[in-house]
Amino acid sequence: MNEVREERVGWIQIKYEELPNYIKEQEKKMGAIFYKEFGICIFRLWVVHCKNVWLVNSGKNESFLMENDDEINIKRVILKNVNLNEKYHFLLEKSNGDKITRRDPYARYTDYDTDSCYIIDTLGNYNKSTGEYLKKHEFNHLIIYELHVESYIQRYSEYFPLQPEAKFSKNPSFFRQIADYGLDNIKDLNFNCLELMPIVEYSGEWGYNPRLLLSINSHLGSVDDFIYLVQKVHEKDLFIVVDLVLHHGASKLNSLWNFDGYNHQGGIYFEGGGDTGWGAKFNFNKKEVQDMLYEACRVLLGEYGVDGIRFDSVHNMPNWLLKNITFRLKEEFPGRFLIAEVVPENPNYLKECGFDACWIHSSYYDIISQYRNQKTQQEWNSGYSKSLIQGHIGFDSTSQCILTMLGNHDQAGNRCNGGNPSGDDRIGRYIVDQFGGRQNWDARAYCRLLYSLSCISFGIPMVFMGTENLQGKWWSAKDQAYNYDWGLIKNNDQITQQMRKLVKDINLLKTKEKQVFASNHNNFSHFNLNTSNMVAVFIRKSKDRAFLCLVNMDKTEWLENNYHVKVDHNIIQSFGKELKQEFNSQSQEYGGWDGSYTHPKKGQIHFSRQDSVENTVTYMLNVPKYSVTIYRFCNS
């Protein structure tokens, strides 16, 4: 019996008048807008300096002449018999008659090494994502884990077997490997949010040099793979934030450069924009550029369902444009988290530009300076301690401050084989190496102190992948030897296990006591400084619970129940007159020692004396060096 094969009908060009009324009523969009139920795709492209433009079926090399749209400088072609995942690109005829091929600036998925773009069900993804999005957001409760997709999961299979069904599948993507294997590592440590470095197509190593703004980087996986990851994140009751670069394009392999053949200052997307030092700025005054920047955000929130966006280096963009983007996003996607990276951090970007939060970079550099004895006791006494712990001036709520005390990718990353990036020895290494290396006890203790401090300070704590393992040296996206080291976990490295235990426990305490340590208002009281040593004592409280916190950033210590802490009598009347030690970053299980605890270790601690004149009580406590200790007020 002869096999009957159904031959697929090729693309057929149709006129606007032939479109179903449903499609005519839809908002006009740029790029390839696919109406799956009709098999119709409308392609729209912005060009200025071309004689002719063709849409090309990359698979069959068939060309379709595009016509002028109603809008000036917009070309359009409408095709039927189109199927998902078919390839296309554009052929442009320049004014001199030369022809060039180009990718779609609005493509969601492309071949990295060719001009081929893929037909994606963008409308279906948007409708499904927004229809299912029910997540309630309490941003002040977040504890963020930042990662670089490829280098986080790259070495996982060296140490842990993949599930049998995955072994025989075709090259599981990095997105899917994180979804199936990498999320548990984050969830088990009681983080509740992951932040991904850029996932759109980029040149270079880290992701901050975008070739296109909307196309998923095919090296990381497909659109479906990324949607699968987002779904798995939400199934585990986690949040997901994605970094996005809108201020410049890649300095190499930039798909938008000289786009329509016009080569003045980079062409229609860049001319007049200026330079950032990393690449040319977009010309933000052009409506077509503004629309593309907004659509890049809309795809992440609308089609993929992510919970937030971290906008890179927004000080390189005009405030009026940032405000326009954030206000539109908040109207279309209420409840999503919009984070700004501003150097230096500036609360005006929240008030004037509509962002919800800023990365706080300065604390990391202040801490490095302090450890190197470049911060004086006088600076600690005169305000540095309060800004570190109680928040920088102008930030009004916990959710507005993303605390990167132990560094982020900018500080841990190194692209010069361990050298000093730009001659700055404060960056280019994991923070444990800044303090002497993971084999140095004081360095480990200081890292324990800093992570614990970030969890009880005013803001949202964040760490970069590997920091929780006290991974040494530096992070590299390119050199696998300096990718995320799963071997530290597989081999039960003692130093790693101790730090992970601390991270897990303080994250849990922060989560359980979120009304205290994640309160969205400044609930600090009794902030007291030791003016001779870098010790701070403060109380954080909710309506019915209060915790006494001691932070010692000095090597001086008090280990015989001999550190005096005075507390107002009204605190013990409201919350209890005894203390129970809830956390000690120098606990033996974290790498410290048992004698660091105030005696009795597990019992209740009574105040030693009462002063009726000052209306205070005094507790005598241990304060180990480089430590955070936390006590809960209670009654016997």
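N283 is buried (under 20% relative accessible area, with a 1.4 Å probe and protein chains only; exposed means over 50%, and partly exposed lies in between), its relative accessible area being 11%. The structure is a predicted model, in which local features need pLDDT of at least 70 and side-chain atom pairs count only at pLDDT 80 or more, while totals for chains, interfaces and linings use all residues. Residues are numbered from 1 along each chain as its sequence is written, and side-chain values use heavy atoms, with hydrogens and water left out.

N283 sits in the loop between strand 13 (239-244) and helix 8 (287-303); helices (H or I, at least four residues) and strands (E, at least two) are DSSP runs, numbered from the N terminus. A polar atom of the N283 side chain lies 3.0 Å from the backbone nitrogen of N285. Apart from neighbours within four places in sequence, N283 is in contact (heavy atoms within 4.5 Å) with Y269, F270, E271, G272, G273 and V289.

The protein chain is divided into domain 1 (12-119), domain 2 (139-518) and domain 3 (524-634), with bounds from an automatic or database domain assignment. The centres of domain 1 and domain 3, taken over C-alpha atoms, are separated by 67 Å.

Eight strands, in the order 11-12-13-14-15-16-17-18, close into a barrel with parallel pairing; two strands pair if DSSP finds at least two bridges between them. From one strand to the next, the twist averages 30°, where axes are lines fitted to C-alpha atoms, for helices over the stretch in contact, and angles run from 0 to 180 degrees between N-to-C directions. Strand 17 (residues 401-403) pairs with strand 18 (residues 460-464) in the parallel sense over two bridges, and I460 in strand 18 is the bridge partner of I402.

Helix 12 (residues 377-390) has a kink of about 60° centred on G383, the bend at a residue being the angle between axes fitted to the seven residues ending there and the seven starting there. The buried residues of helix 12, W380, Y384, S385, L388, I389 and Q390, pack against helix 11 (362-371), helix 15 (441-456), strand 19 (524-530) and strand 20 (535-541).

Six strands form an open sheet in the order 19-20-21-27-23-24, with antiparallel pairing. Strand 19 and strand 24 (604-606) are at the edges with a single partner strand each, so one side of each has no neighbour in the sheet. Strand 20 and strand 21 (residues 546-552) pair over seven bridges in the antiparallel sense.

Notes. A polar contact is a pair of N or O atoms within 3.5 Å; within protein, one must be able to donate a hydrogen and the other to accept it, and residues adjacent in sequence count only if both atoms are side-chain atoms.
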